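This briefing goes through one protein model by topic. Please keep the sequence and the 3D view open while reading.

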Amino acid sequence: MGVKTFYVTTPIYYVNAKPHIGHAYPTIVCDILTRFHRQRGIDSYFLTGTDEHGINIERAAAARGLEVKTHVDEIVDEFKTAFAPLGIEYDQWIRTTDPLHEAAVAKLWRILDERGHIYESRYEGWYCGNCNEFKDVDARPDSVERPSCPTHERPLEWLGEESYFFRLSAFQQPLLEHYEKHPEFVQPDVRRNEVISFVSGGLTDLSVSRVSVKWGIPVPGDPSHTIYVWFEALSNYITALGWGSDDHEKFDRYWPALHLVGKDILRFHAVYWPAFLMAAGIELPRMVYAHGMLLRGGQKMGKSLGNAIDLGILKRHFAPDQIRYFLLREVAFGQDGEVTYEGLIDRVNSDLADGLGNFASRTLTMVRNYFEGRPPRPGRERSDDAADVERRIDEAKRRFDAEFSELNLSRALEAAWAGIARVDKFITDNQPWRLAKDPEARPRLEDVLATAYEALRHIILLVAPVMPATSREIWGQMGLSGDPLRVNPNETKWGEALDVSKIDRVSPAFPKLEKERIMAEIENETSPPVSEQARSVDRTGQPGTEAAAPKTTPSIQGAPDAQIITIDDFVKIELRAATVLEAEKVPKADKLLRLVVDLGEAQPRQILAGIAQYYSPEDVVGRKIIIVANLAPRKLRGLESNGMLLAASVGEDGRPVLATFTEDVPNGARLK
């Protein structure tokens, strides 16, 4: 991000319930971002922790028959125990019951009070204990039926009590000016627009104390009130660094922060928190980035729905690096994304076992067998093909860093795997196993394996922050010393490791997962068994077939069976322009054409299209078409298809007509 230091935070997790994958997701991302920046020589700090005050904590402890402090201590231990097997290495775990935090929060309160930003009055309204906020609900306090929280779908409580208020309304214009001057402050753009719309609609003063809540930090000078949990919880991002204490060296060194938060708590971080800081005269965070929700069967995960991904099951069946890679690659950060056990297995087998793992194993095995473990120097005359591989790997590195810096984490990994695909093609085209049989081809063999070895070294450096354990394992198998996370990829020269390494052993870094066996074991561990898809409901309201569909779908005129989707659904589909480079019929498949298409990526893609009955190979070569570029790979007739061609279905026979353009569009251009 072009900064001298890097400070990243997760939301601090509320200890009224046990940890789940929704907590693990942003924590893994923060861990990976920290490793990425440290690897590139940037002084970095990673904060996570727990939010331990509020009425919900009191109630959760009471329900268990425990003292509140005993309850929160147990839940904190469960969080730390759950995160440890995922390879998460935070620099600090903040607890809002820490004495230093409580003292610093009291200091922040006094500063705002002295500056005239806090006043006393009375508040009445419908309150959600889960959200820890009052809701703008049009219902009378004596209503027969209590309204529900739109987020948690639980009845709201009517609270009326004396309260201290923060003059939030005074910061409407300063906030809007900051959003305009710093468009990067709230990301992604769709969330920024939501925040601007909310603030533009008018801000009312915020109740920042409670009389009814006893488990909290007392208001300075008035211990009959406790400080509103969001006021004090948000303050953790600066109190953890020593703000408000005599030892504020870390605050001076690392602040401001990048806050990663769920989109459901964006308002607190992008509106209330910067307003508190403005009022106190403290620099605002560098960025507030709202990630999406993890879905299963098209719905947000929850125990009540029976569709949650269990952290214990993940730990028992998958390695930490497999989980970390899957979450980053499968879900576009900032968007909602579908995650399933089956999807994890498929991604591990295709990308890791067949991709990176196979590339590493065959390269190192050939170096060991043909050169007694000493990586060769390139041949006397380096081939143009080998030079192109080096260029493509350098391009993958540049794109990886650029995408990572913009938090396009899935696309960063996509760039790395484009590099792997290019080297795989290079190895397959040159067939070193045949060159090894011809003594006169020895210089060429040296050129091929030296290039493959060096490409592997650079790829490992890229993926090390995401998969630290496996990267260290492959690094060691390559005969290299040290830790790849301590090697800056941008300062690494091509060919510099060939004289200092020796390969002694080779073992698969990513053994293939047995899908049927693992899924059967997971089904046995899950009670009741959880389907990977939600059950749809037909038009009569009766259960229908297994499908990820909503219970009801409004119809569109002219398309009675069409399903309404949101803009968030649409942006998940990556449509890109492409040119068909090659085409041929798939043997023994009357309907299939194998196409090689240029999407403007480092390596052309192979896709399979069921259009052979209507289009000959000659008809489509050179055509500009539209591809669904982020579709999961699928095998047909033993061939892998990496995308889907778009075509209209015309006539009674459903004849396909290819979707194309009337104007010139570059390959890779995204359709919006």
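The model is predicted. E403 is a residue of helix α14, which spans residues 384–405. With a relative accessibility of 14%, below the 20% limit, E403 counts as buried. Leaving aside residues up to four places away in sequence, E403 touches N408, R411 and A412. The points below start with the helix that holds E403 and then turn to other parts of the chain.

**Helices α14 and α15**

- Two packed helices are described by the angle between their axes and the distance between the axes.
- For α14 and helix α15 (residues 409–430), the angle is about 170° and the axes are 7 Å apart.
- An angle over 145° counts as roughly antiparallel, and α14 and α15 are therefore roughly antiparallel to each other.
- On the α14 side, the residues that meet α15 are D385, A386, D388, V389, R392, I393, A396, R399, F400, E403 and F404.
- On the α15 side, the contact includes R411 and A412, two of the residues that E403 touches.
- Other α15 residues in this contact include L409, L413, G419, F426 and N430.
- By type, the residues of the contact between α14 and α15 divide into 13 nonpolar, two polar and eight charged.

**Loops on either side of α15**

- L407 sits in the loop between α14 and α15.
- Although L407 is not a glycine, it has a positive phi of about 65°.
- L407 is buried, as its relative accessible area is 1%.
- Q431 belongs to the loop between α15 and α16 (432–435).
- Q431 is likewise a residue other than glycine with a positive phi, here near 45°.
- Q431 has a relative accessible area of 27% and is partly exposed.

**Helix α3**

- Helix α3 covers residues 68–83, which is 16 residues.
- At 1.5 Å a residue, α3 should span 22 Å, and its end C-alpha atoms are 23 Å apart, which agrees.
- Which residues of α3 are buried? They are V68, H71, V72, I75, V76, F79 and F83.
- These residues cover an arc of only 130° around the axis, so they lie on the same side of α3.
- The buried residues of α3 pack against the helices α1 and α2 (55–64) and against β2 (13–14), β3 (43–51) and β4 (92–95).

- P85 is located in the loop between α3 and β4.
- The relative accessible area of P85 is 26%, which makes P85 partly exposed.
- P85 touches K315 and P320, not counting residues up to four places away in sequence.
- P85 and D321 are 236 residues apart along the chain, while their C-alpha atoms are separated by 9.9 Å.

**Helices α12 and α1**

- D321 is one of the buried residues of α12, a helix made of residues 320–330.
- Nine of the 11 residues of α12 are buried, so α12 is largely enclosed by the rest of the structure.
- The axes of α12 and helix α1 (residues 21–39) come within 10 Å and cross at roughly 90°.
- That angle makes α1 roughly perpendicular to α12.
- In this contact, α1 contributes I21, Y25, I28, V29, D31, I32 and R35, and α12 contributes R324, L327 and L328.
- The residues of the contact of α1 with α12 divide into seven nonpolar, no polar and three charged.

**Cis peptide bonds**

- The peptide bond from Q187 to P188 is cis, and its omega is near -5°.
- P188 is part of the loop between β8 (186–187) and α6 (189–200).
- W255 and P256 are joined by a cis peptide bond with an omega of about 15°.
- P256 is in the loop between α9 (249–254) and β13 (258–262).

**The protein as a whole**

- The protein contains 21 helices and 28 strands.
- It has 672 residues, of which 52% count as buried.
- Among the contacts with a separation of 6 or more, 71% are between residues 24 or more positions apart.

Terms used: Residues numbered from 1 in each chain as written. Predicted model: local features only at pLDDT ≥ 70, side-chain atom pairs only at ≥ 80, totals over all residues. Heavy atoms only, no water. Axes fitted to C-alpha atoms, helices over the stretch in contact; angles between N-to-C directions. Helix = DSSP H or I, 4+ residues; strand = E, 2+ residues; numbered from the N terminus. Parallel < 35°, antiparallel > 145°, perpendicular 65-115°, else oblique. Contact = heavy atoms within 4.5 Å. Nonpolar A, V, L, I, M, F, W, Y, C, P; charged D, E, K, R; others polar. Expected span 1.5 Å × (residues − 1). Buried < 20%, exposed > 50% of the residue type's maximum accessible area, 1.4 Å probe, protein only. Arc of directions from axis to C-beta.
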